[in-house]
Amino acid sequence: MKIIRIILVATLVWLMVLSTFTLLGFIPGVKDSDTQQAIIVGLFIIPFAYFGAHLFYKKGEKTNGFIIGLVMAIIALILDAFITVPFVIIPGNGSYYTFYTNPLLWVLVIENISVIYFYWNTKVKKPLS
């Protein structure tokens, strides 16, 4: 597994997701609903994660997609701990607890891992002969 590449790709995907949440925060009717934002981001996370998987695997890496998805999710959660929560969530009267116990976060994490696993399973894994 290429550590630097996975960190860079995970950071890029995290930035795309964060940017989407940020833009949704300016749209009337959506900005006040965490559920609507999560649904919209849930739709966008599919191409974001797919693109991230494509970037990671394009140089011939073969590491299991579940492991890559899990590592990318952990990197994103760490970035959230150091950037999103202190600079976005806490100023909005949230906390680490409310952020990390939100079921919508974990649905998005599982979705991200699943998309990366799907990419690996369909594009990278060698078919059984």
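The backbone oxygen of Met-16 and a polar atom of the Thr-20 side chain are 2.8 Å apart. This is a predicted model, in which local features need pLDDT of at least 70 and side-chain atom pairs count only at pLDDT 80 or more, while totals for chains, interfaces and linings use all residues. Residues are numbered from 1 along each chain as its sequence is written, and side-chain values use heavy atoms, with hydrogens and water left out.

Thr-20 belongs to helix 1, which spans residues 3–24 (helices are DSSP runs of H or I with at least four residues, numbered from the N terminus). Because its relative accessibility is 10%, Thr-20 counts as buried (buried means under 20% relative accessible area, exposed over 50%, and partly exposed in between, with a 1.4 Å probe and protein chains only). Leaving aside residues up to four places away in sequence, Thr-20 touches Val-41, Phe-44 and Phe-48, where contact means heavy atoms within 4.5 Å.

The largest pocket has a volume of about 940 Å³, a volume being the space filled by probe spheres set on grid points that are joined across faces, edges and corners. A pocket is an open set of points, on a 1 Å grid over the protein atoms alone, where a 1.4 Å probe fits, with protein on both sides within 12 Å along at least five of seven lines, and its lining residues have an atom within 4 Å of a point. The lining of the largest pocket holds 32 residues, and Phe-21, Gln-37, Thr-84, Ile-89 and Phe-99 lie nearest the centre. Helix 1, helix 2 (34–57), helix 3 (65–89), helix 4 (96–100) and helix 5 (103–124) each give two or more residues to this lining, with the largest share, eight residues, coming from helix 3.

The largest nonpolar core has 27 residues, of which Ile-6, Val-13, Val-17, Tyr-57, Ile-68, Met-72 and Ile-116 touch the most other members; such a core is a set of buried Ala, Val, Leu, Ile, Met, Phe, Trp, Tyr and Cys residues joined through side-chain atoms within 4.5 Å. The largest share of this core, eight residues, comes from helix 2. Not counting residues up to four places away in sequence, Met-72 touches Ile-6, Val-9, Ala-10, Val-13 and Ile-116.

Lys-123 lies in helix 5 and is exposed, with a relative accessible area of 54%. Lys-123 and Tyr-57 are 66 residues apart in sequence, and their C-alpha atoms are 8.9 Å apart in space.

Notes:
A polar contact is a pair of N or O atoms within 3.5 Å; within protein, one must be able to donate a hydrogen and the other to accept it, and residues adjacent in sequence count only if both atoms are side-chain atoms.
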